[in-house]
Amino acid sequence: MGLANFEATASLNVQREGRFERRRLDTGVPDSLQQQLRDEVLTPGLALVGSSIATLADRLVSLTWGAEIYRDQLASEGFIEHSPTGVRTPITRTTSGGSDIPSGRFPDGSTARRLGVFLAGESDLAPWLSVSMGGRWSQFRSEAEVGTDFGGRVANSSADFTGQLGLVTRPGEDWRLAARVAEGFRAPNLYDLTNVGSVPGGIQVPNPDAQPERSVSGELSVRYATTGVAASITAYRNWIRDFLDRAPGEFLGDTLFRGERVFQGVNIGRATVTGAEAELAFRHGRLDGGATLLYARGEQRLADGELQPMSKIPPLAGSARVRWSSLSSPWVEAGLRWAAAQRRLGERDLRDPRIASGGTPGFFVIGVRAGVQMASDLGVAAGAENLGNRLYREHASGVDAPGRHVWLEVTWRTGL
């Protein structure tokens, strides 16, 4: 077996998030208390990836292998401010040792480690048939001090081995047919294990005993490609067990906590997601473009056997674009995006204030763009988006999309 390539990547990622929350009382007047939360995640990591060529049963096998480790270190703080006076009270949690630690959305000092080792191989079984196989071992460990009121110190560990098998056949020069089966594994994250905070309908409290979700997915795809046209369609289905979702629960033997309904992230049942994706691309002379179409339908079966829609499943949606390019550098492009209304809502959707009563309306937006290469190292592009000035939002988003707007981009590249 010969080593073809090897890469080592060390990384450091910093993510900051701030939240400002102020409730409106039943009388319609804003509460005099407002809450501000700040969280910062520092993530050092190391990834090793290599590729090799091996011989197995007189056939060449292309191997990809590697390992990775990442560790999230979370710094968090929050306070409640009395608006009329400006007096701030820090939000803290009391540890078993009697000390207080800051707490934003999560307890300060929480950590999460992710470790993975993988191996994948691909080989041609015949001139018209190739096979790919792979396996991955993953381990996750999260630790946090959630406070004596919520269970003290939490340490949650999980590990699993997952695999995948794929086949690709070439019945003709322009055709590709592919089939793939893969396992999935999602460990509970710090949000599932430690979060205390307001959610639609009540308050979420920690669940340190949450277990991983596991899934099996299958997909079939057909692709046709010639010099001027390429088209593909993929259909898939995911089967998820031990589905982790927010649900009404009990905490310290009571369905209420601080006067609000208790919710927890729990492994409440099974779920399926069925969908299809289609894509078209073309090129003819100075014109090129493409279109996409996306569809998904999700259902979950709760522990009591009730079947209901999964939350936050996007509606039928698509996009299209066409571009004209000159023989030199100028180009002009027009594009559109659209989505149908999503009226099929789960229980969480019905309680979610980000989703309008009755569902999310559909939308259709158009934009135009143009650009020119001023010099070998200087390019300029500009565009106008949402020309119809439509008011819309993506399903389950808490923010409306921008109205009619323009942008300008200047790109300068130089060698070092």
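Which side chain meets aspartate 352 in a salt bridge? The partner is lysine 312, at 3.6 Å from N to O, where a salt bridge is a side-chain nitrogen of Lys or Arg within 4 Å of a carboxyl oxygen of Asp or Glu. This is a predicted model, in which local features need pLDDT of at least 70 and side-chain atom pairs count only at pLDDT 80 or more, whereas totals for chains, interfaces and linings use all residues. Residues are numbered from 1 along each chain as its sequence is written, and side-chain values use heavy atoms, with hydrogens and water left out.

**Overall picture**
- The structure holds 25 salt bridges.
- Asp288, Arg321, Arg323, Glu333, Arg369 and Glu385 are joined in a network of salt bridges.

**A pair between loops**
- Aspartate 352, in the loop between α2 (347–351) and β21 (363–375), and lysine 312, in the loop between β18 (307–309) and β19 (317–325), are 40 residues apart; helices (H or I, at least four residues) and strands (E, at least two) are DSSP runs, numbered from the N terminus.
- Aspartate 352 counts as buried at 5% relative accessibility, while lysine 312 is partly exposed at 32%; buried means under 20% relative accessible area, exposed over 50%, and partly exposed in between (1.4 Å probe, protein chains only).

**Pairs involving strand β13**
- Aspartate 160 forms a salt bridge with arginine 214, their closest N and O atoms being 3.0 Å apart.
- Because aspartate 160 lies in strand β9 (residues 153–172) and arginine 214 in strand β13 (residues 213–225), this pair ties together parts 54 residues apart in sequence.
- Glutamate 213 forms a salt bridge with arginine 186, with 3.2 Å between the closest N and O atoms.
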